[in-house]
Amino acid sequence: MTDHSELERCFAQFVEQHVLDGTRLPIESLVAGRPDLATPLRALVDRYLDLDATLDGGLAAPEGRPLRAAPTVATVATVPEALPAFEGFRTIERIGAGGMGEVYKLHDLTLERFVAAKVLRRRGPSTAEVLREARSLALFSDRRIVQIHEVREDASPPVIIMELVEGFELGRLGPSLEPRQRARILVDVCDAIQQAHDRGLQHRDLKPSNIMLDANLAPKILDFGLSDRDPSRGHLVGTPHYLAPEQLDPAAPIDARTDVYALGVVLYELLAGVVPYSGATAADVVDALRTREPRLPVEIDPRVPEPLQAIALKAMERDPAQRYQSAREMGLDLQRYLDGRPVLARPTIYASTLGSRVAPHLHHIDEWLRLKLVYRHEAERLRAAYRELEKREDDWIVETRSLSYSQIALYLGAFLLVSGSLFYFGADRVYHAVRGVARPFAVLAVPFLCLNAAGRYLYRRDHKAVAVGLLLAGVGLLPLFLLILFHETGWWVVAQQTPGQIFRDGSVSNRQLQITVAIACGWSMWLALRTRTAALSTVAAVLMLLLTVALLGDAGLRGWLVEGRLDRLALHVAPLAAVYAALGAGSERTARPWLAHPLYLGAVLVGVVSLDLLALDGRMFGYVGLSLKPFQSPSVSSATLLDTCVALTLNGVAFYAAAAAMERVGSDLVRRAARMLFTIAPFSMLEPLGYLSETNEYSRRFDWLYLAFAFAIVVASHARQRKSFYYAGLLNTGIALYLIADHRKWFDKPAWGVALIACGLAAMAAGYAFDRRARSGL
Amino acid sequence: MDRQDTARLVERARAGSTAAQEQLYARCAAKLLPLIRLRMGPSLRDELESRDILQVVLLKSYQRIGQFEGAATGSLMAWLARIAENEIRDRADYRGRQRRDGDLRAPLDAAAAVPAPVRSALSQVIVREEASIVERALASLTDAQREVILLRRFEELTFGEMAARLGKSEDACRMAFARAMTALTLALNRP
């Protein structure tokens, strides 16, 4: 293609756009591949625009006036009001009117350039404020913020002379831009706003019409600090769409985060094409802002990139503390999107939107259950699946909705840290006596302090998962350091072989252990309450158990262990189950589910372990003055064999009954603990038979009985639809088969295996028969 | 835009503003004169005659402004252009007759008292060098291209009205106008 026709083609394209859309394509974009054509094209375009203006006024003109001025003459002629005069300038035309006054285009007679003049409408306290800001803005130059040339405060009314900006409003150009271009513009805007914020200047009236773009899509921000500051006046009558919630509340402080909100709305509008809160009147808009959640931009336009949506919604959080804390943070997150890295924004509206949309589903499940469309356990399963959705992304690793590499690395790191310090502790404490606290301080205490400082900082910056990981590692280091500290400083030290101590070698005294665990427990509980995370509350619950054990040291724990009095240990630990349960109920009542859940699980585990310890010890009935010894065959060597077996069985039944009761009357969290108890119960019921077969007391027929019971439980699992029973039954069937073979030395006999294979085939044939019957029954 | 400007001036002129009346006539005259000349075609074109026609049109419009309100078109310029067209046709007919019966038409100035706004507009309107270049460029375009520009920029029609007049779609009119403007600029650009 020749230069000539290529030039004409570009020019035709420009004219077409100008006629069809009324917009002017940038020259640079038209001659993208041919920079050499820019100059001739610009000449053509200038001639065209000249011609266009000439035709406005007709080809003839009143004598004495240059034809070029024809459009201006026409405009002036139709605008009846007189243009104000400014000393040193020629007034060209009025180019707009804003909340604070009218804007004129002027020609600077001395510097031969065009400028804009904003004439403030009235004089008052807010005007004085605007002038003060304009003066400070005049001292500050940023290519992306419109430059103030001069403030004529003494003029009446006051006038601000500033740079004349020509280009396109972001609001008008936005829809034709690529998402990445939009993000890049916003990065620039955020950066400019941050520059102003750093100097204490706030915009407070950011909107797409206040952001102009030049031909290179470089933004320029208008009306900086020139807007009416009184939220009860100018803002509410103007454009309420970009108001932040705190601007509606006279009591709420307005700070830099108010501009962050407006930036969020600008981005939202760029993405979705509509403003987030709309209404027929300003009052409707304000009402929507107060009461409703905006639609997700993705719902309006599926092509909207999710990361940009998240950034917009995060900046638009109602609570300023949940937003980006500065325009810089928002800009950095946008830059992350541009760099192809994952953005940090995780707007709370995702959780609340999910929550509000899950609620009707949960209601449906209740309805299905009522209509008997689903079984109770199915309903429970469905509810559990929905509960998963409500979990926070940054929660503990076993609670989180999805695993991320950062979480894996963090928790692995914390684990290695604690393991390493344990090795260090063991090595230094036992093998080479520590001298002084300097080294432990460097190895344990300094990391502890650093971890906590870093955790605190990151928690504030909203990197919760990382913060909790660091705090968790800190909790692991604390007890070790305290133990060394106590040892080296000689606090609460006891001599070796002191009676009543848990550790006989005198390395750690009971008191040292108690104080250490108490401090660590209190510390982790405090952190758990601050961060509201299940990870730290679980650690606190575990430390509570350790504290109980340490306290039992004074009551003679060592003696019980040496004498094998497990019953005493069990009886002393059992109350902890009640404490856990009570604390769990208390924290659930005060809306702390992340604390209640581990406490409930702790209550169940401590209860189960202490009851089973008591049963295994054989003295369970002794405490209530009973013994089953008279019913025992005299040939049995163990005096408490029957007691143990019956107690274990009763435990199993009690667990099942407790689980059933908890599931019936308990809250959601209690039901989750009940599910664990349901899994434990069948094992506990089968335990005595296994125990009997193992001890080989009584008749050898017990192993057959064990097998029969295990088998019965497998079959009976159908009745209550309990899979935990089925699996417990299968597992115990296997154990029973092993014991039978073991007792009778049948491992050499192929017949045993053949018989089992035959049974298996028979069972499978039965399964096939059931299937046939079920099908024909239909 | 320009058409709205005209409409606003008409409004104020009707309300009795003398200044608006003068502005209106000055504005209309500046567009009508080239329109008349371009529509007359080369044979009739003549500086004196075109100004004559302009004067007649302005006078007639001054007398019949009541008819404009009842006219189907919302564009004052289009209405004036109709009057001018009739006048041009009449004159062409008259020339034909003139050749036959040799009668001369009486000068208009003598025929009626010219109202102040019309006189002022006529005295002010002049055609400058630059404008005549544009006019020559317009004349060099094809008839269709020239007509599109005249309808849009001189008669101040909307694209919808143009579409109705030319029997094309609105978008086709837009495209035709864009092409005509391109051609006009290129014609102007040629040395």
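Guide: Two strands count as paired if at least two bridges are found between them. In this predicted model, strand S8 (residues 211-213) of chain A and S9(A) are joined by three bridges and pair in the antiparallel sense. One residue pair to inspect is Met212(A), whose bridge partner in S9(A) is Lys220(A).

Visitor: In what order do the strands of this open sheet lie?

Guide: The order is S7-S8-S9 in chain A, three strands with antiparallel pairing. Strand S7 (168-169) and strand S9 (219-221) of chain A each have a single partner strand, so one side of each lacks a neighbour in the sheet.

Visitor: Which helix lies across S8 and S9 of chain A?

Guide: That is helix H7 (residues 179-198) of chain A, which runs at about 35° to S9(A).

Visitor: How many residues of strand S6 of chain A are buried?

Guide: A residue is called buried if 20 or more other C-beta atoms lie within 10 Å of its own. In strand S6 (residues 159-163) of chain A, four of the five residues are buried, and the strand is mostly covered.

Visitor: Which bridges join S6(A) to strand S4 of chain A, and which to strand S5?

Guide: Strand S4 (residues 113-120) of chain A runs antiparallel to S6(A), with five bridges between them; Val119(A) has Val159(A) as its bridge partner there. Strand S5 (residues 148-152) of chain A also pairs with S6(A) in the antiparallel sense, over four bridges.

Terms used: Residues numbered from 1 in each chain as written. Chains lettered and ligands numbered in written order. Predicted model: local features only at pLDDT ≥ 70, side-chain atom pairs only at ≥ 80, totals over all residues. Helix = DSSP H or I, 4+ residues; strand = E, 2+ residues; numbered from the N terminus. Contact = placed C-beta atoms within 7 Å. Axes fitted to C-alpha atoms, helices over the stretch in contact; angles between N-to-C directions. Buried ≥ 20, exposed ≤ 12 C-beta atoms within 10 Å, placed from the backbone.
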